[in-house]
Amino acid sequence: MENFQYTRDNVPLQIQTSNYERLREDQVVCSTAVVNMGPPVYPQVRDHIVWSVFNTIYMNFCCLGFAALVFSIKSRDRKVVGDLEGARHYGSTARCLNVTALVLTILTFLIMIILFAVGVFQIYSMAMQEAQNQHNPFQGNGK
């Protein structure tokens with residue numbers, strides 16, 4: 001290769017324009033700054049696996065806990081592969097299924113408790129009425 005030295009005026013593809021004023025050498029145009037660039041930070045993708053296992057074991061209303069567990073495992077698999085968008089999608093589906101299973105199970109337990117309390121109250125009132133009828137055997141006939 002040639003050992004050719006380019007001067008400031010002889011650089012190829014340098015466009016000389018006379019419209020701009022040249023800066024003097026003693027003027028400082030920019031200051032120096034140090035920017036530390038670390039590895040890119042991605043938001044952590046949540047797979048809700050513990051919540052799904054809990055819902056599968058304790059609150060498996062209409063198998064929603066099991067479905068949430070399946071989507072949590074899919075989310076974890078996608079996260080291991082590196083597909084963060086797929087992991088986020090499966091994780092949000094698992095979260096929705098977990099919330100639905102939790103709400104429906106809590107509503108079912110509340111309805112059962114209310115029905116049990118009403119049933120106990122009805123049995124108590126029938127027992128009290130029967131006890132009154134046994135105390136006064138002739139009051140009910142009217143004779």
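A salt bridge is counted here when a side-chain nitrogen of Lys or Arg lies within 4 Å of a carboxyl oxygen of Asp or Glu. Keep that cut-off at hand for the exercises below.

The structure is a predicted model, in which local features need pLDDT of at least 70 and side-chain atom pairs count only at pLDDT 80 or more, while totals for chains, interfaces and linings use all residues. Residues are numbered from 1 along each chain as its sequence is written, and side-chain values use heavy atoms, with hydrogens and water left out.

**Exercise 1. The overall layout**

Task: Work out how many helices and strands the protein chain has, and in which order its elements run.

Solution, step by step:
- Begin with the elements, which are DSSP runs numbered from the N terminus: helices are H or I with at least four residues, strands are E with at least two.
- The protein chain has 3 helices and 0 strands.
- Reading from the N terminus, the order is α-α-α.
- Next, look at burial: buried means under 20% relative accessible area, exposed means over 50%, and partly exposed lies in between (1.4 Å probe, protein chains only).
- By that rule, 15% of the 143 residues of the protein chain count as buried.

**Exercise 2. How the helices pack**

Task: Find the angle and axis distance for α1 with α2, then for α2 with α3, and decide how each pair is oriented.

Solution, step by step:
- Two packed helices are described by the angle between their axes and the distance between the axes.
- Axes are lines fitted to C-alpha atoms, for helices over the stretch in contact, and the angles run from 0 to 180 degrees between N-to-C directions.
- Helix α1 (residues 49-58) packs against helix α2 (residues 64-81) at about 155°, and their axes are 8 Å apart.
- Now classify the angle: under 35 degrees is roughly parallel, over 145 roughly antiparallel, 65 to 115 roughly perpendicular, and the rest oblique.
- α1 and α2 are therefore roughly antiparallel to each other.
- For α2 and α3, the angle is about 160° and the axes are 8 Å apart.
- That makes α2 roughly antiparallel to α3.
- For handedness, a crossing is left-handed if the near helix is turned anticlockwise from the far one by less than a right angle, and right-handed if clockwise.
- The crossing of α1 and α2 is left-handed, and the crossing of α2 and α3 is left-handed as well.

**Exercise 3. Salt bridges around D47**

Task: Identify which residues are joined with D47 into one network of salt bridges.

Solution, step by step:
- Side chains of opposite charge can pair when their charged atoms come close.
- The whole structure holds 4 salt bridges.
- One of them joins the side chains of D47 and R76, at 2.7 Å from N to O.
- This pair links distant parts of the chain, with D47 in the segment before α1 and R76 in helix α2, 29 residues apart.
- D47 also has K79 as a partner, and here the closest N and O atoms are 3.9 Å apart.
- Because K79 lies in helix α2 and D47 in the segment before α1, this bridge ties together parts 32 residues apart in sequence.
- Check the exposure of each: D47 is buried at 8% relative accessibility, R76 is partly exposed at 39%, and K79 is partly exposed at 30%.
- A further bridge pairs R78 with D83, with the closest N and O atoms 3.6 Å apart.
- Salt bridges that share partners join D47, R76 and K79 into one network.

**Exercise 4. Positive phi angles**

Solution, step by step:
- H48 is not a glycine, yet its phi is positive, at about 55°.
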